[in-house]
Structures are given as C-alpha cells and as structure tokens.
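I opened my notebook to record what I looked up, one topic at a time.

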Amino acid sequence: LNTSTLGMLRMEQMLDTIDIEESKRYMHHYNFPPFSTGETGFMRGPKRREIGHGALAEKALLPVIPPIEDFPYAYRLVSEVLMSNGSSSMASVCGSSMSLMDAGVPIAGPVAGIAMGLIEQDGKYVTLTDILGAEDHLGDMDFKVAGTRDMITALQLDTKIESLPAEVLVEAMGQAREARHFILDKMEQTLAAPREELAANAPKIEAIEIPKDKIGEVIGPKGKTIRELEEETGATIEIDDEGIVRVGAADTASMELARERILAIGFPPEANVGETYEGEVVNITKFGAFVNILPGRDGLLHISTMGGGKRIEKVEDVLALGDKVNVLVREIDDRGKVSLDLAEGVQLVDENTPVKEGGGRSEGRDGGGRGRDRDRGRDRGRGRDRDRGRDRGERRESNPNRTVVSFEDEFEKGMSPVWRP
C-alpha cells in the first residue's frame, strides 16, 4: 500500500550529515510490520532493514522525479507492506510509481523492480527470477534491479559465495530486463502515464519570478505584507533570495488570488499624470498622507493641498487611516515618486474642521516679517554702538586733566640701571 503526499518546498527534509547535501525534497519511507509475515511483535521505530529498503526504493525513483523548476513540490512516499513472501522493496518501487502517476506527478516514466536469485552447486549456476522468501533464505545471491524501459535506476547485490562469474551476472541482468518489462506492461495496463492534472486533494503550487528589488515589498515590514496575503487568500507563500515566489493553496481560486496580488506588487501598474484615482489612506505623517492609488503604488497628498485654500492644523483633522478619497496625479518625479492633489469637487474641510488664521500659504508675509525683524535688530545694534561711542567721548571730555600712562614706560622706570637696555 503506497501513499504519496505532496507539500511546499519548505517541508523538505533538512539534513545534518557529512554529505554536501543539506536537504532533500523526495523522501521514501518503508514499513514492514510483523503481521506482514504472519508474526506478532512490537510496532516500534524502523529497523536497519526497513531503513535500507526505503533508501533503495528512494534511489530507484529519484531519477524520474521532475526538476524543481518544473514541479516545485516536496514529496513523501510511504510504503506499507501488508503481506510478504518475496521482494517487498521492489514491490514498493512499482507501487510508488503507480501512486505518483495517479497523483498527477509528471514523472519521466514508470519504474519497476525485480529481485533475482541464484543457486550454486558443484560449479553449476541457476539464475532465479522473482525469488520467494525460501529461495532468498536458501539461495546464494540476492540481486535487485530497478529501472524504466530505457535505463536502470538502482541496483543491489549481495552474495553468499566467494566469487561470481561474469557470464552468470550478465545472464541475470538479461533475465531481470525481461522481467522488468513484463511488470511495466502490467502497470501500463492499469495506468499508462501520469494523470493530466493533480489530484483534487493535492495542493496547488505555482512558481512566480519577481524582480529582486521587489522581494522586500512582498515580505513587508517584519513580514506584515506576506502574512496579510496568506490570511486574506488562504494560500501559503515562500520566497527565496533569487526572487522566486512559490504559492501553494488547497484550491485553484485561492492560488490565483494570491498570484494576482503578488504580481501586482512585483510589477505594479504605472500611474498616469492627470488621471483621477480612488485611493485609500495607508499612512499619515505631519506633512501629509500617503494614498494607495494602485496595487503597489502610493502617492503623497501634501497637507497644504487638503484645506481647499484654508490652512488645516493636522492631517488627522480631515483624514484617517483606511479612508477612501478621490485624488488627481499632479506629478511623477524622476525617482517615481507620485504627488497628488484632491480631485475636482472633493472637499475635506467643513465648518467643524479647525483651521489656522489667515489660511493658505503665507510664506511671503512671514518672510517679510522676519526680514523686518532682522532690520530692527540691526538698527537697535547700531543705535547701541553709537550710544556707547558718545558715552566714551563725553567721559573723556568731562576729565581734561586725565593723563595717559604707558605700562611699558612705567615698567622700564622701575627696572634697575644694570638691566635697563
């Protein structure tokens, strides 16, 4: 009994080994419960034999798995052995191929496997095809071959004899090829090729490539945008450093909605100067409000344009986050920044809106006032300087007997004649 499970690539298995591979997206697990051979026992974790058989089946199917660029899925296949009197690992290979094709995975071709055996006595060899449990136990070789019609994808060989003639191995390979083709014929009678579409209960995954400089916008500050996309569309979204966005959803409608939203952010439509748009206020600052007019495209509505000739105190007096407002694109600069005006007929100010006295822009009046203040300051400074000069002159004229003394002359007079220069 084989079960195929498909998931997003982030569900792949992470590896921490000495190998260069850090993860794998195709996993094959093999379970061999005691009841499959008519025995009783504890159902514990997988033993060495089960791990080895699962690894063999995994290697056999891995070459036909579609590349990540064409089919960006992670796979987990589980083979449950219900009864065994032969090679259950090769049965897992055949069953996994059928399961993948039934799920709609576009594998390169079905893979089948066969177990070959050998009996040796007195230098004579007999090659067995599709050995049973007793033949495996009493025989001298266990040789497993898996592959498609055109290639061999996996081999396993163990022998109980010291040497094996080359011609015997060649004969075993020929018999295995005939048996593998026979099994593939039977498999194709049931399901000749992968189904055209994925199974209804399989997740829908699509890869989208966006410019690298748009990755941050899709993610948003601290992941805000991508979380909103996942919550609103019901899809699962993952992004890599190369700008590849993978969207997964349980149904096609959710995936298409998420895809359109991502494309709108990655390739935003361009605004046209002079056109009117209905936008939503997405951010408010002291100098104005940012209005989203198109997906991924915001513009600035400056506070000086909101009053309709009046000067408002704060942006919050006329607009709030989430408000809808009709705006006109006034200008788009070289860096792509959009400047907005209120559309014709839109009034944000009413009789209850607090406004500043004077209204409108008053830079000229303010500038003239500031200029007069500077002139007054200079005049006052000059006046004080003139007053100080007159005071000093008056003091000098009021004391005509005042004698000017040189500090240097007085110092020389007090010096000893020996040291006088």
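This is a predicted model: local features need pLDDT of at least 70, side-chain atom pairs count only at pLDDT 80 or more; totals for chains, interfaces and linings use all residues.

Residues are numbered from 1 along each chain as its sequence is written, and side-chain values use heavy atoms, with hydrogens and water left out.

**Entry on the barrel.** I found five strands that close into a barrel, in the order β13-β14-β15-β17-β16, with mixed pairing. I then followed β14 (residues 288–294), which runs antiparallel to β15 (residues 297–302) and is joined to β15 by six bridges. Within this pair, G288 stands opposite H302, and L294 stands opposite R297. The two strands form a hairpin with two residues between them, and G296 in the turn has a positive phi of about 80 degrees.

On the other pairing I looked up, β13 (residues 276–285) is antiparallel to β14 and joined to β14 by five bridges; V281 has V291 as its bridge partner in β14. β13 and β14 also form a hairpin, with two residues between them.

Why is β14 largely enclosed by the rest of the structure? I found that five of its seven residues are buried, where buried means under 20% relative accessible area, exposed over 50% and partly exposed in between (1.4 Å probe, protein chains only).

**Entry on the cores.** A nonpolar core is a set of buried Ala, Val, Leu, Ile, Met, Phe, Trp, Tyr and Cys residues joined through side-chain atoms within 4.5 Å. The largest one has 27 residues, and Y75 and V105 have the most contacts inside it. The elements that give two or more residues to this core are α1 (48–61), β5 (74–80) and α2 (88–103), and α2 gives the most, with five residues.

I checked V105 by contacts (heavy atoms within 4.5 Å): leaving aside neighbours within four places in sequence, V105 is in contact with L6, P66, F71, Y75, L100, P194 and L198.

**Entry on R246.** Is R246 buried or exposed? R246 is buried, with a relative accessible area of 14%, and lies in strand β12 (residues 244–249).

Definitions and conventions:
Helices (H or I, at least four residues) and strands (E, at least two) are DSSP runs, numbered from the N terminus. Two strands pair if DSSP finds at least two bridges between them.
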